[in-house]
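Hi,

Here is the structure I promised to pass on. My notes on a few parts of it follow below.

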Amino acid sequence: MRKTVEWRVHMKKADFSGLGQRLGISPVMARVLVNRGFATAEEQEYYLYGTLDSIPDSKLMLGMEPAVRILQEKLKEKRHIRIMSDYDVDGVTSAYILYKGLLRLDGEVSIDIPDRIRDGYGMNVRMVDLAHEEGVDTIVTSDNGIACNEAVDRAKELGMTVIVTDHHQVQDKLPAADVVIDPWQEACQYPFNNICGAEVVYKLIRELSLAEGKPLGSTDFLEFVALGTVCDIMPLIQENRILVREGLRVMLQTENVGLRALLEVTGIMAKGVVTAGNLGYVIGPCINAEGRLSSAKEAMKLLLCTDPEEAKRMAEEVKELNESRKQSTQDGADRALEIIEDQGMAERDHILLVEVPELHESLAGIVASRIKEAYYRPTIVFAKSSEDETLLKGSARSIEPYNMFKALQSAEQHIVHFGGHPMAAGLTIRREELEPLRSRMNEQETLTEDELVEKVYIDVPMPLSYVTLELAKQLEQLEPFGNKNPKPHFGESGLQLEEIKTLGDGALAVLSFRDKRGQLVKAKLFRPESFMESIKMWSDVNNCVKINKYPKLDIIYSVGVNRFRGEESAECIVEDFRKTEA
């Protein structure tokens, strides 16, 4: 039983023409803004025209000022500072920002990143003991630490100074660090807490640099903040959207030799533009592949590399590693789907917990995302721990109505340890606790049948023939698109499919339709395999499997600007489709 998808049209009301005139946009754009929930003039203008200067003062973040004072003292005294990060993209980018930022202030600084298999998530006692042996005075965490109580306790026992910077949900007990910077702390006055670890340390380095009389440039580190934000699937709203938008603008001009090499070997540099999708689906997975299948320290070496030829070689290796990861992920996802179907799990459970034999534990999160997409169910995928056969390592991915972090908190008697966000989490359990955990989570969940139906919203029901280049360019103002800021969707029904033309290797199709007014209109469709299967099922087909007449279709589409050899044109991309009911 795969997921059910329901199409809905946004029905919010407003004076779209008047709003458009005030903001200098079309009524269609105005309607999209209202659909996004921006009801006041202040919200609408911030969304459209917000700048870096619009972002709240970093000093509002609890722990920011004492952390700056401590680091100023350590810099003055030439104390050895060690950064301890996580092994994913946000961990690597946040560690890079801290490292380069402290070096810029003449700090004595080093980095340690946990090994995903040996160490698991975040800093641990082994890393702390090693730091102490190497004369480290101060530990600063990035993208972790809020759940590392044992490691922090060990560091304090050894007389070390500890500053925790994190962005994960705060658990029952705060670590006993000298300072904790985490926007989820209850007493934190910072007005927006949905930021990534890279942004937390970016704010810290900005404040520290200012206090030291060496303020950062307006675009320093923005490409790395953008990379961490997108790859950690932070909502692209408010300041996140501004930082990612500005980070994408400077990405192609980055002075980082390693990142530039990665942009070149993946073909993004040649396109002349970087999108949030490029970060989330191309650059991020390459960096993550090191943390998953090799070591995140290799990804850090790439970002710190200053030799263009060496950086190119390393970037090619990262790209190849990511390609090998793709096949392993597909095999794991196929096996997980097979287990779920064989056991009738999706019919029985609202929360899917599945152990996938032979799956590399580092790939559990990607497989969980695939399963969640297939069933629209909160999903936890487990793999056996390579360090201890009695343990299972799990990665959880959730849907909007279900807070995975709180669910794991309520079932923690079955869990060795866990951490994360409402939409994603990681956990370790003893093998014998899998079934009790499955029972507990499904007994406690309160999801309704409606909440388990994926909704696809149409912003404006609008004929394809109404799309113009001017509108397409206006819609580009809404980028970057991603979590909480989806592409605007439009819809048209009753289109008679006339022709399907596949291009290149078949990954793209151009569809020709005849609309209700008799006008011929076209739209593109990427990855048309399932579309072709559906068309065969719905069409008038003879014994030779030749389609005599195509069906009428309803489509949901997005709008973009196609730029090719200096020419620009509007293009419509089919995002979903169904057969028109008689």
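Let me start with Pro215: leaving aside neighbours within four places in sequence, Pro215 is in contact with Arg104, Ser209 and Leu210 (contact means heavy atoms within 4.5 Å). Pro215 sits in the loop between α8 (197-211) and α9 (222-231); helices here are DSSP runs of H or I with at least four residues, strands are runs of E with at least two, and both are numbered from the N terminus. With 46% relative accessibility, Pro215 counts as partly exposed (buried is under 20% relative accessible area, exposed over 50%, partly exposed in between, with a 1.4 Å probe and protein chains only).

Before you go further, this is a predicted model: local features need pLDDT of at least 70 and side-chain atom pairs pLDDT 80 or more, while totals for chains, interfaces and linings use all residues. Residues are numbered from 1 along each chain as its sequence is written, and side-chain values use heavy atoms, leaving out hydrogens and water.

Now for helix α6 (residues 125-133), whose buried residues are Met127, Val128 and Ala131. Seen down the axis of α6, these fall within an arc of 100°, so they line one face of the helix (the arc is taken over directions from the helix axis to the C-beta atoms). They pack against β2 (80-84), β3 (108-112), β4 (138-141) and α7 (149-157). Just after α6, Gly135 has a positive phi of about 80°.

Cheers
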